[in-house]
Amino acid sequence: MDRQVVMEQGLTETLAVPRLSAAARRRQLREKVIAGIVTLVAFTGIAALVLIIVFVAKEALALFLEPEARHEASLSKMFLPQVVRQGKPPAFVWQPVSNVPKVSMIPLFIGTLKTTVVSMLVAVPVGVFGALYAAEFAPRRLRELLKPVIELLAGIPSVVLGFFALMVMATVLQDTFGLHTRLNALVAGIGLALAIVPVIFTVAEDSLTAVPRSYREASLALGATPWETAWKVVLPAAAPGILAACVLGFGRAIGETMIILMASGNAAIVSASLGDSVRSLSATIAAEMGEVVVGSPHYSILFFIGVQLFLFTFVLNMLASAWTKKVIKRLTGSAS
Amino acid sequence: MTYTTRRAVGLFLTTLTGLAAFLMVGMLALILLDVIANGASHVTWTFLSQPPSDGMMGGGIFPAIVGTAALTLLMTLAVMPVGVLTAVYLHEYASPGSRLAAWVRVAVVNLAGVPSIVFGLFGLGFFILFVGRGMDRVLGYEEMHWAQPGILWASLTLAVLTLPVVIVSTEEALRAVPLDHRTASLALGATQSQTLVRVVLPGALPGILTGAVLAISRGAGEVAPILFTGAAYFLPDLPSHLNSQFMHLGYHTYVLATQSPDVEATRPLLYATVLVLLLLTFALNLVAVIIRTRTRRKAAGAH
């Protein structure tokens with residue numbers, strides 16, 4: 001912040017010099033042009049985000065405007081149970097490529113929910129406990145080794161994690177739990193956990209280390225053990241940051257595509273069992289976009305799923321960044 | 001409870017957290033060992049230098065390696081100038097209370113969280129169907145020339161995806177350049193842009209390189225965004241034009257793992273492909289980690 005003030009003073013003082021030479025004026029003009037270009041480029045990030053939602057939504061819009069698409073995929077057909085066969089009770093079915101397309105999104109929501117919940121159940125304890133260990137208990141050397149190793153785990157492409165889940169974990173889990181289908185929500189969820197654990201670990205660890213030393217010293221001086229200090233003082237102080245870590249991990253899990261596409265079996269089944277194959281929102285886009293006719297109702301539905309994924313993750317991200325800001329404000333505000 | 005029992009309980013729980021940490025390391029080791037054990041013997045020169053043959057059941061992955069390299073090169077050329085200049089704006093040009101800077105930051109945070117498959121849809125909807133079609137109309141192509149999946153569109157899609165990575169690491173690098181360097185330069189009569197180009201950017205170079213390397217490693221591994229924007233299932237020819245399709249290591253992995261008619265026969269090829277992809281991303285990540293720890297240590301020593 002100080003630097004800005006210094007620089008601004010520098011600039012205003014130059015401006016205050018009376019009667020500039022032609023060269024100096026040219027130089028000032030050049031500086032202004034450069035500053036203008038830099039500012040203009042900075043709009044790219046905003047533009048990208050706006051263009052993403054505008055162009056994904058644009059392709060989905062036909063769903064609400066064109067009569068053919070509205071008939072084939074109305075909101076009630078997408079979200080309410082439909083009578084699939086005469087004489088059978090209404091059900092949720094995703095079969096977009098058939099004589100009578102059935103486009104209920106509920107099976108996809110259930111698939112996404114199942115894999116996400118499994119991955120969170122695994123990744124949150126492992127990530128948060130691991131972060132607690134790295135921030136509170138690990139010797140310094142070990143900690144400096146642990147962080148880059150987790151960064152390497154974060155650097156594994158998701159297609160490789162999907163491959164590992166498909167080739168190795170699926171067989172191991174099937175043998176251990178005696179599941180009847182090899183690829184299911186459990187395998188995909190645990191594979192997904194591998195992808196989000198580093199996210200949770202990194203953000204949680206950052207907010208734990210942001211807790212001032214004086215908190216720990218005060219707690220220890222009052223006779224608390226190191227564990228009690230970590231669990232009852234440091235962790236609560238960093239709580240919004242930990243929550244942000246979990247929310248970020250959750251957002252990542254909802255949108256992750258390749259792992260689920262490869263390891264979930266991709267059958268849109270409505271059931272409560274984790275041993276059943278599932279089809280997630282993201283994997284549906286990836287699997288079906290390749291064969292769809294551009295401009296058809298099915299094509300618009302896939303973009304509509306994209307809009308939903310965008311909105312979910314957008315909201316989760318805003319929440320996470322609000323909470324991270326809160327923890328920083330709280331800790332730096334009360335410490336200094 | 002006495003202090004001793006409390007301590008014992010604490011020690012037990014501490015061990016649990018240690019186990020959680022080592023579970024992560026253990027999984028990483030397990031993945032690496034599995035891939036190396038099953039793939040190492042198949043990574044030969046022929047494998048690296050030949051196109052796939054016998055209906056993907058034999059041959060090598062040369063076109064996929066070239067495709068991945070060309071894709072990430074184009075992506076880097078697109079993302080670096082924009083990412084670095086945005087970070088320069090945020091850290092050097094924006095005034096402290098700037099509204100625009102706050103908006104840019106919000107956009108960057110959210111861009112980083114957009115699911116990769118949505119980037120794929122964006123690439124299709126914006127680059128191919130909007131920009132590509134527009135270019136075909138303006139340039140007067142009768143049949144589809146730009147309005148089809150190709151390496152340019154795929155690399156630009158990835159450039160948007162990796163933009164936050166570059167911005168965040170560049171900004172961190174700019175923050176590490178001491179304020180004294182800037183004030184000294186300005187005091188000697190240099191303009192702001194001269195200071196930027198001759199003092200600040202050279203000082204921040206290692207950090208900017210880290211950003212580039214991280215972006216490349218991220219871009220090289222992403223598959224979902226290129227599914228509909230240019231990756232080809234099987235294409236022995238190397239990409240020769242900006243609108244040609246290309247093979248890709250990650251996509252090839254996906255294809256071999258899920259669409260093979262004979263899983264056992266493609267297994268060695270699959271493992272070898274994964275090993276090459278992993279080595280590539282790990283080497284890049286390792287370079288980034290090394291540069292970063294070095295500059296951080298240097299920055300800590302300077303203050």
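Helices and strands here are DSSP runs, numbered from the N terminus: a helix is H or I over at least four residues, a strand is E over at least two.

Now the ground rules. This is a predicted model, where local features need pLDDT of at least 70, side-chain atom pairs count only at pLDDT 80 or more, and totals for chains, interfaces and linings use all residues. Residues are numbered from 1 along each chain as its sequence is written, while chains are lettered from A and ligands numbered from 1 in the order in which they are written.

How confident is the predictor? The complex gets an ipTM of 0.89 and a pTM of 0.88. Chain B has a mean pLDDT of 89, and 98% of its residues reach 70 or more. pLDDT is the predictor's confidence in each residue, from 0 to 100.

On to chain A. Its secondary structure comes to 15 helices and two strands. The radius of gyration, taken over C-alpha atoms, is 26 Å for chain A, well over the 20 Å that the globule rule gives for 336 residues, so chain A is more spread out than a compact globule. That rule is 2.2 Å times the number of residues to the power 0.38. Along the principal axes, the C-alpha atoms of chain A fill a box of roughly 90 × 65 × 30 Å.

Next, burial. A residue is buried if 20 or more other C-beta atoms lie within 10 Å of its own, exposed if 12 or fewer, and partly exposed in between, with C-beta atoms placed from the backbone. In chain A, 47% of the 336 residues are buried.

A:Ile37 sits in helix 2, residues 22-60. Is A:Ile37 buried or partly exposed? It counts as partly exposed, because it has 13 C-beta neighbours inside 10 Å. From A:Ile37 to A:Glu59 is 22 residues in sequence and 32 Å in space, C-alpha to C-alpha.

A:Asn266 lies in the loop between helix 13 (258-263) and helix 14 (281-288) of chain A. It counts as buried, because 21 C-beta neighbours lie inside 10 Å. Its phi is near 60°, a positive value in a residue other than glycine.

Last, the two chains together. Contact means C-beta atoms, placed from the backbone, within 7 Å. By that test, 75 residues of chain A touch 74 residues of chain B. Which helix of chain A gives the most to that side? Helix 2, with 19 residues.

Methods. Two residues are in contact if their C-beta atoms, placed from the backbone, lie within 7 Å.
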